[in-house]
Amino acid sequence: MNAASNPLYFLIAFPLLWFAVTMILSFVSGWFGLMERYPDRDEKPLVLIKNQSGSVGFVSMRGILQLSICPSGLRIGIMRIFGPFCRDFLVPWNEITVTRSD
């Protein structure tokens, strides 16, 4: 019996691999920089929209984003399983621009 077929190996290796991949994608996307630049505030959202898709940096996030429309800005969050150390951040409305493309 080799190590790859051992269930214990899988139970240890898979979570470690998942953690490593999510951390790398968090850094590559720039999520941690956005958390620093736009810290979250204790503000009650007017509207909460879950399971949204979008891109942060070069990383595509399908159905794992949570958007909260607040009086002072747009709060962006991610499902914890996909970003264990990614906290929500709140972008003020005056920092948001719209660019349309075909």
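Me: Which strands each supply at least two residues of the lining of the largest pocket?
Reply: In this predicted model, the strands that do so are β1, β3 (residues 73-78) and β4 (residues 89-92).

Me: Which of them gives the most?
Reply: Strand β1 gives the most to that lining, with 3 residues.

Me: How much space lies in that pocket, and which residues line it?
Reply: The largest pocket holds about 260 Å³ of space. Its lining consists of Leu-34, Gly-54, Ser-55, Val-56, Gly-57, Leu-65, Leu-74, Ile-76, Phe-89, Val-91 and Ile-96.

Me: How does the lining divide by class?
Reply: The lining of the largest pocket has 8 nonpolar and 3 polar residues, and no charged ones.

Me: What about the second largest pocket: how much space lies there?
Reply: The second largest pocket contains about 160 Å³ of space. It is lined by 14 residues, of which Thr-22, Leu-25, Val-59, Ile-64 and Phe-82 are the closest to its centre.

Me: Which elements give two or more residues to that lining?
Reply: They are α1 (residues 7-29) and β2 (residues 59-70). The largest share, 6 residues, comes from α1.

Me: And the classes there?
Reply: The lining of the second largest pocket comprises 10 nonpolar and 4 polar residues, with no charged residue.

Me: Changing topic: what is the phi of Asn-51, and where is that residue found?
Reply: Asn-51 has a positive phi of about 55°, although it is not a glycine. The residue is found in strand β1, which covers residues 47-56.

Note on methods
Residues numbered from 1 in each chain as written. Predicted model: local features only at pLDDT ≥ 70, side-chain atom pairs only at ≥ 80, totals over all residues. Heavy atoms only, no water. Helix = DSSP H or I, 4+ residues; strand = E, 2+ residues; numbered from the N terminus. 1 Å grid on protein atoms, 1.4 Å probe; cavity = no way out; pocket = protein on both sides within 12 Å on 5 of 7 lines; lining within 4 Å. Points joined across faces, edges and corners; volume = space filled by probe spheres on them. Nonpolar A, V, L, I, M, F, W, Y, C, P; charged D, E, K, R; others polar.
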